[in-house]
Amino acid sequence: MFARKPGQRARAVILIGFMGAGKSTVGRALGELLGWTFEDLDDRIERREQRKVADIFRNSGESEFRRAEHAALQELLGELQLGADRVVALGGGAFVQKANARLIQDSGVPTVFLDADVTELWRRCRAQAEGPGQGIERPLLGSMDSFRKLYEARRPHYLEASFRQETIGKRVEEIAAALVQVLGMDEGRKKRRR
Ligand code: S3P
């Protein structure tokens, strides 16, 4: 890995938003478009802790998960400072934690809030929990009512992101292409390097 030269632009972006916002799906597509590695912070947490996110919640509680999440984020941001090209997706609660938001802001890595209305987010999460071959387990999914309350409490935090991108009615590829524009990143860079 090479250290970034002074004045060189950050080649990383962090996607934030509520459960079901499409952070991982869009992140993967954006990574492909830019030729950057995609990383889901929850995967790093699972590797470091050697257990699934749902098991951390189940066996050790949310506060232990938040501790592990903060430690993983710190490690990741350290790598980004060395100049790694990366698209990162955070779990829905990560940016809401003040200490995490501060770390990210201090790192200078731009953030994008992937937005959608709560009814659509709920529909997507239910489909991912119940859909054939999916079974995505989200410990904080709860009832529609608790889901909505959590969404309403978190949305003001998400709005602190550097950019907001609407996702309703848009295909994943369309959103990824819009992000390339929003971030002022040159899609052609990948092609020229070949
Ligand atoms: C969480 C969201 C999950 C995961 C954990 C906590 C949250 O990630 O990090 O279950 O607090 O909203 P997704 O947003 O990818 O579902």
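R155 counts as partly exposed, its relative accessibility being 24%. The model is a predicted one. D115, by contrast, is buried, because its relative accessibility is 3%, below the 20% cut-off. The two side chains form a salt bridge with an N to O distance of 2.5 Å. Since D115 belongs to strand β4 and R155 to helix α7, the pair ties together parts of the chain that lie 40 residues apart in sequence. Elsewhere, a single network of salt bridges with shared partners takes in E39, R44, R48, E75, E79 and R86.

## Helix α7

Helix α7 covers residues 144-158, 15 residues in total. From its first C-alpha to its last the helix reaches 20 Å, close to the 21 Å expected at 1.5 Å a residue. A kink of about 25° is found at E152, shortly before the proline P156.

The buried residues of α7 include F147, Y151, R154 and Y158. Among the elements that cover the buried residues of this helix are β1 (12-16) and α4 (62-81). The cover also includes β4 (111-115) and α6 (118-130). Strand β4 is also the element that holds D115, the salt-bridge partner of R155.

## Salt bridges within helices

The structure contains 23 salt bridges. One of them joins the side chains of D55 and R58, at 2.6 Å from N to O. Both residues sit in helix α3 (residues 53-60), three residues apart, which is about one turn of the helix. An α-helix has 3.6 residues a turn, so residues three or four places apart point the same way. D55 is partly exposed, because its relative accessible area of 24% falls between the cut-offs of 20% and 50%.

E69 and R66 form another salt bridge, with their closest N and O atoms 2.9 Å apart. This pair lies in helix α4, again with a spacing of three residues, or about one turn. E69 and R66 are both buried.

## D40: buried without a salt bridge

Which strand holds D40? D40 is part of strand β2, residues 37-40. D40 is buried but has no salt bridge. The nearest side chain of opposite charge belongs to R28, 5.2 Å away.

The side chain of D40 instead makes a polar contact of 2.8 Å with the side chain of S24. The D40 side chain also reaches the backbone nitrogen of D42, at 3.0 Å. With neighbours within four places in sequence left aside, D40 is in contact with S24 and A89.

## E46 in helix α2

E46 is located in helix α2, which spans residues 41-49. Its contacts, leaving aside neighbours within four places in sequence, are with R51, K52 and V53. The C-alpha atoms of E46 and A72 are 9.5 Å apart, and 26 residues separate the two along the chain.

## The chain as a whole

The secondary structure comprises nine helices and five strands. Read from the N terminus, the order of the elements is β-α-β-α-α-α-β-α-β-α-α-β-α-α. The chain has 194 residues, of which 44% count as buried.

How many of the contacts between residues at least 6 apart in sequence, as a percentage, join residues at least 24 apart? The share is 75%.

Key. Residues numbered from 1 in each chain as written. Predicted model: local features only at pLDDT ≥ 70, side-chain atom pairs only at ≥ 80, totals over all residues. Heavy atoms only, no water. Helix = DSSP H or I, 4+ residues; strand = E, 2+ residues; numbered from the N terminus. Buried < 20%, exposed > 50% of the residue type's maximum accessible area, 1.4 Å probe, protein only. Lys, Arg positive; Asp, Glu negative; His and termini not counted. Salt bridge = Lys/Arg side-chain N within 4 Å of Asp/Glu carboxyl O. Polar contact = N/O pair within 3.5 Å; in protein donor to acceptor, adjacent residues only side chain to side chain. Contact = heavy atoms within 4.5 Å. Expected span 1.5 Å × (residues − 1). Bend = angle between axes of the 7 residues up to and from the residue.
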